[in-house]
Amino acid sequence: MKKYVLIFSFIIAALFISCNKSTVNDGIISDGISKPKPPKAIGPPRILFIGNSQIEYFVSAPTLFQELCNSNNKHINVQQLVTMGVSLDKVYYTNKTEANQIFSNIDKDGNYYDFVVLQESTPIALTDLEKYRSNLKLIVEKIHKNSPDVAIYVYQNMSPLAYTNSEYNDYHKELQKNAILAAAFIKNAGLLRVGDAVKDAYEGKNGYKYLKNNKDNLRYGKNILHFINDGGFLQAVLLYATIFDKTPIIPKKLILSTGIRDNDNMRKQEVNKVISNPKALEEIAFNNR
């Protein structure tokens, strides 16, 4: 997959967090949000991913999820609207012609889409709850025109900082809280707890070790940390476990990244050779479903 250089800064976000420390309400977190119920589908269900490079960059969440479904005899159609480095409203306006077309498609069961994953940009998810909610509302209102009963999964962003940064947990808590508060206003919506799963992996849950030769196995980048193979695998298994409430049988090979250089791409590779600890990541994913 061709890489793009993304120039991005979290200075404003850092100032916001430093000046506006807040803690997650234990009642909200412990109660959570009810799991959305998908509509009854006639034929294979459809899932739509809308977001930016957290969904697809070095590795592809839609591609990996499709592969996991295929390997587990889950027949599902996977589609995406992804634009690098922008917020949900800009993803829509950048792809307006295509978006309006797919939002006008109809299905005989009354819902063209059965599942939708909505991933907001990290700065908005972190610092602007009002904009977060309005962007979700913008997209959901359009989706509901042809999919009134769709199950919506709001993507819980991960802390944009390196795990070694002293502010990592503060960012995580703010993103966690805002995702819950944003999803609470959406009909039939739940959370895709990416941020929680990534934090668990960094903390070494289930025996996972994120460092190899003093390098992060989960994410790579300078201005923005993107998923590499371990992280992309974790994200895809988490989505499968969240939707189907079970851990998938992992195929011998998956389409994973060959590297982090501009001329590297994605191709079929042996999971046990490319993913450092698949079993641990599967367990972390399942525990965050």
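Which residues in helix 9 meet which residues in helix 10? The legends below take up this contact and others in a predicted model.

**Figure 1. Overview of the chain.** The secondary structure of this predicted model comes to 12 helices and 11 strands. The chain has 289 residues, of which 53% count as buried. Among contacts between residues at least 6 apart in sequence, 75% join residues at least 24 apart.

**Figure 2. Contact of helix 9 with helix 10.** From helix 9, the residues V194, A197, V198 and A201 meet L234, Q235 and L238 of helix 10. By residue class, this contact divides into six nonpolar, one polar and no charged. The two helices pack at an angle of about 130 degrees, and their axes are 10 Å apart. The crossing of helix 9 with helix 10 is right-handed. Residues three or four places apart in an α-helix point the same way, because a turn has 3.6 residues.

Figure 3. Helix 9 spans residues 194-202 and is mostly covered, with nine of its nine residues buried. The buried set includes the charged residues D196, K199 and D200, and also V194, G195, A197, V198, A201 and Y202. D196 lies in helix 9 and has a relative accessibility of 10%, so D196 counts as buried; the cut-off for this class is under 20%. Leaving aside residues up to four places away in sequence, D196 touches Q156, H172, Q176 and N288.

**Figure 4. The stretch after helix 9.** G204 follows helix 9 and has a positive phi, near 85 degrees. N206 is placed in the loop between helix 9 and strand 6 (211-212). The phi of N206 is also positive, near 55 degrees, in a residue other than glycine. Most residues other than glycine have a negative phi. With a relative accessible area of 38%, N206 is partly exposed.

**Figure 5. Contact of helix 3 with helix 10.** Helix 3 (residues 61-71) packs against helix 10 (residues 229-244) at an angle of about 55 degrees, with the axes 9 Å apart. This angle makes helix 3 and helix 10 oblique to each other, and their crossing is right-handed. Helix 3 contributes A61, L64, F65, L68 and C69 to the contact. These residues meet G232, F233, Q235, A236, V237, L239, Y240, I243 and F244 in helix 10. The residues of this contact divide into 12 nonpolar, two polar and no charged.

**Figure 6. The largest nonpolar core, with F65.** This core has 43 residues, and I47 and F65 touch the most other members. At least two residues of the core come from each of strand 1 (46-51), helix 3, strand 3 (115-118), strand 4 (151-155), helix 9, helix 10, strand 10 (253-257) and helix 12 (278-287). Helix 10 supplies the largest share, eight residues. Not counting residues up to four places away in sequence, F65 touches I47, F49, I76 and V78, as well as A236, L239, Y240, I243 and F244. Another core, of 36 residues, lies apart from the largest one; L81, Y113, I124 and I143 are among its members.

Figure 7. N73 is found in the loop between helix 3 and strand 2 (77-82). The phi of N73 is near 55 degrees, a positive value in a residue other than glycine. The relative accessible area of N73 is 64%, so N73 is exposed; this class begins over 50%.

**Figure 8. N265 and F58.** N265 is found in the loop between strand 10 and strand 11 (266-270). Its relative accessibility of 36% is why N265 counts as partly exposed. N265 and F58 are 207 residues apart along the chain, and their C-alpha atoms are separated by 7.4 Å.

Technical notes:
Residues numbered from 1 in each chain as written. Predicted model: local features only at pLDDT ≥ 70, side-chain atom pairs only at ≥ 80, totals over all residues. Heavy atoms only, no water. Axes fitted to C-alpha atoms, helices over the stretch in contact; angles between N-to-C directions. Helix = DSSP H or I, 4+ residues; strand = E, 2+ residues; numbered from the N terminus. Parallel < 35°, antiparallel > 145°, perpendicular 65-115°, else oblique. Left-handed = near helix turned anticlockwise from the far one by under 90°. Contact = heavy atoms within 4.5 Å. Core = buried A, V, L, I, M, F, W, Y, C linked by side-chain atoms within 4.5 Å. Buried < 20%, exposed > 50% of the residue type's maximum accessible area, 1.4 Å probe, protein only.
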